[in-house]
Amino acid sequence: MTDSYTLGSRCLDGPKVMASGTALIYDEEMTSHKLLWDDPECAIEVPERLSVSYDQLKHYSLVERCVEVPVREATEEEITLVHSPEYLEFIKSTQTMNIEELRNASKKYNAVFFNTKSYRCAKLAAGGVLQLVDSVMSGEVRNGMALVRPPGHHSQRNESNGFCLFNNVAIAAEYAKKKYNLQRVLIVDWDIHHGQGIQYIFEEDPSVLYFSWHRYQHQEFWPNLRESEYDAIGKGKGTGFNINVPWNKVGMGNADYIAVFLHVLLPIAFEFNPELVLVSSGYDSAIGDPEGCMCATPECFSHLTHFLMQLANGKCCIVLEGGYHLRSLSESICMTVKTLLGDPLPQLHGDMTPCLSAVESIHNVRAAHKPYWKCLACSDAAVVQNASTKREVNGTVLTSAKTNKEVEIETNRFLDSHMKSIHVPVPPANTAAAVSESNTRLLPNGVLVCNDTVELGETEAILSDFHVQLVKGANILSSLGHLLNLLNKVLQKQVHNGIVESPDISTSSVVVLKHSINFGLNRLLDIVLGDADRNYLHEEGKILSIRISEKEMPDLPASIISLNFNEDLQRDNSFLYALLRLILPLAYSYQPELTIITLGPNSKLSVGSIAMMIRLLQSLANGRIITVIQDTEYKYMESIAEALMNLNRPGIVPYAPISKEMILAVEERRHKLQEEWKLLQCSVG
């Protein structure tokens, strides 16, 4: 039997035009900024940070898949959007200094070096980021990454600091606000050092939401600032728009980073509703870095990037900051770019249990920002005064006894095997559909419509093996044949994901679950929306079932997580609250190998809510999702297909208050489940 495919097409309004492609900013000239004398503090900021990363992108054939955007210098007018004219003139004067003058100039600042090429490189770095912003905001590309140096997030209005000359991301934010009349810009700083330069520049500006996690250790880690603490939340009109998450111990890993995104950043970011996302992307927060001493593996940055791509209609600009373990840096950059390109995400490495210190930091941040954000209305008011890290031996925070060289060798050895284990091939096709011929018109361009089926006898044999009681009818058997054919393609990784129309979703979803288990999968995430009455399978540990419905189901097995929100379920923000507080942490704790979403009648969810759930869940199971839709619910088909294809559309309406009843319902379930599902933990005591 041969497969037959057709391309989905739009017949009503013609194809929708939208930005596509990922920009890459790189210019080898920026490697000419280098240290000319011995300085152990500055020695780690080497030109190879750029060249090695670019070479690794070429190794994975990612450069050729990106849109290479030429770099230009930032103008003096653009630089002085953030920096003073006097500071600009000083940096400009380094072009004509001799080496002794350069050394003396560098000593004026904390952890900074200059050579005669530094001014030119700093203008290229800032200008390259502005080129990226223009490419994204104009719709020439969808998103992009700027590989630039010197970095920028420590630089202040009148001061170089921490290897940073011009504050590239801050300049880009002001530039975007001015040129494109933006009212809301989100800056996410996942560098392991606090970007105090960005904080100082925007701490009174409510049009810029600045988020930073950073190694802090109760003010014992550079830059050793009291204003890096969780209660530094902005000033004046900007109060509540500065979010600091201080890490008070080393060794933070994937679960800690995911937890702070789910419980702090994403709820606030969706409420803020940015028009552009800028990332101060420092990879010294990755495994093996001598500065960070953290444990996040490269694929973690894929997941963080994927989350941010769901904001601002996908307008996401990622800008290199720190990162000093060359192998860890380059692999993490490659994982970030692969995600921007829309490749399947690898499963996260390690146990999904955040450490106590991370939960304490999350708790304190939520408490500090509770008065300013509706999404944090349920946060515990009291902060943790006596943090667990203050109770360690002699009141100090313990660090690794290994030397930097030993850590480097160990990390390289780990990455040699780890990067092979997380490699996820890009399937030949992204999204396939098994839908009625009349509904193919609802599918976006690029969806593969599967017209083939497994043989009738094969379908009946499979159903007999599953002990499924079918409503006798040729249309149901035919539908199941199409379903099984499409499911096989997803399981065999010929297709990334799929959408199936069914006259009997109860039978269809059970068939998907049983066939997937027989195929050898051991963790299936089963999400049922609306009225989809069916028998639930008892496969110990192999299925995590979540039912979301207006209708109470008193006879459900205890193992089924049931969410009944009545009229609140229809409100986008209410569902988003449940998604971020409950559903996504559960899913990340479980780490499924396949996600099955069954959409029945009377789901009461908006098109945008369902699409957002699908886009967020694509970070799991290597993006493998099977969506089974009741044939009467075809109004959802277009938006679901677009979500599966990673086509960003405005999906969630501007933030509105969530009812107290809704919050209590979600929090009650979260408290009951958090002992078993650790990523649900976000408070202490």
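This is a predicted model: local features need pLDDT of at least 70, side-chain atom pairs count only at pLDDT 80 or more; totals for chains, interfaces and linings use all residues.
Student: What is the order of the strands in the open sheet, and how do they pair?
Tutor: Eight strands run in the order β3-β2-β4-β9-β8-β5-β6-β7, with parallel pairing. Helices (H or I, at least four residues) and strands (E, at least two) are DSSP runs, numbered from the N terminus. Two strands pair if DSSP finds at least two bridges between them.

Student: What makes β3 and β7 edge strands?
Tutor: β3 (67–69) and β7 (242–247) each have a single partner strand, so one side of each has no neighbour in the sheet.

Student: How do you know that β6 and β7 pair?
Tutor: Between β6 (residues 208–215) and β7 there are six bridges in the parallel sense. At least two are required, so these strands pair. Tyr210 is opposite Asn242 in β7.

Student: Which strands does α8 touch, and what is its direction relative to β6?
Tutor: Helix α8 (residues 254–272) packs on the sheet and touches β5, β6 and β7. Contact means heavy atoms within 4.5 Å. The direction of α8 makes about 170 degrees with that of β6. Such angles run from 0 to 180 degrees between N-to-C directions, and the axes are lines fitted to C-alpha atoms, for helices over the stretch in contact.

Student: How many aromatic pairs are there?
Tutor: The structure holds 22. Rings of Phe, Tyr and Trp (its six-membered ring) pair if their centres lie within 6.5 Å; planes under 30 degrees apart are stacked, over 60 edge-to-face and the rest tilted.

Student: Why is the pair of Tyr87 and Phe166 called edge-to-face?
Tutor: The centres of Tyr87 and Phe166 are 6.3 Å apart, with 80 degrees between the planes. The distance is within 6.5 Å and the angle is over 60, so the pair is edge-to-face. Tyr87 lies in helix α3 (residues 85–93) and Phe166 in the loop between β4 (143–146) and α6, so the pair ties together parts 79 residues apart in sequence.

Student: What makes Tyr87 buried?
Tutor: Its relative accessibility is 3%, so Tyr87 counts as buried. Phe166, at 1%, also counts as buried.

Student: How do you know that Phe241 and Trp373 form an edge-to-face pair?
Tutor: Their ring centres are 5.3 Å apart and their planes are at 70 degrees, so the pair is edge-to-face. Phe241 lies in the loop between β6 and β7, and Trp373 in the loop between α11 (356–369) and α12 (404–421), so this pair joins parts 132 residues apart in sequence.

Key. Residues are numbered from 1 along each chain as its sequence is written. Side-chain values use heavy atoms; hydrogens and water are left out. Buried means under 20% relative accessible area, exposed over 50%, partly exposed in between (1.4 Å probe, protein chains only).
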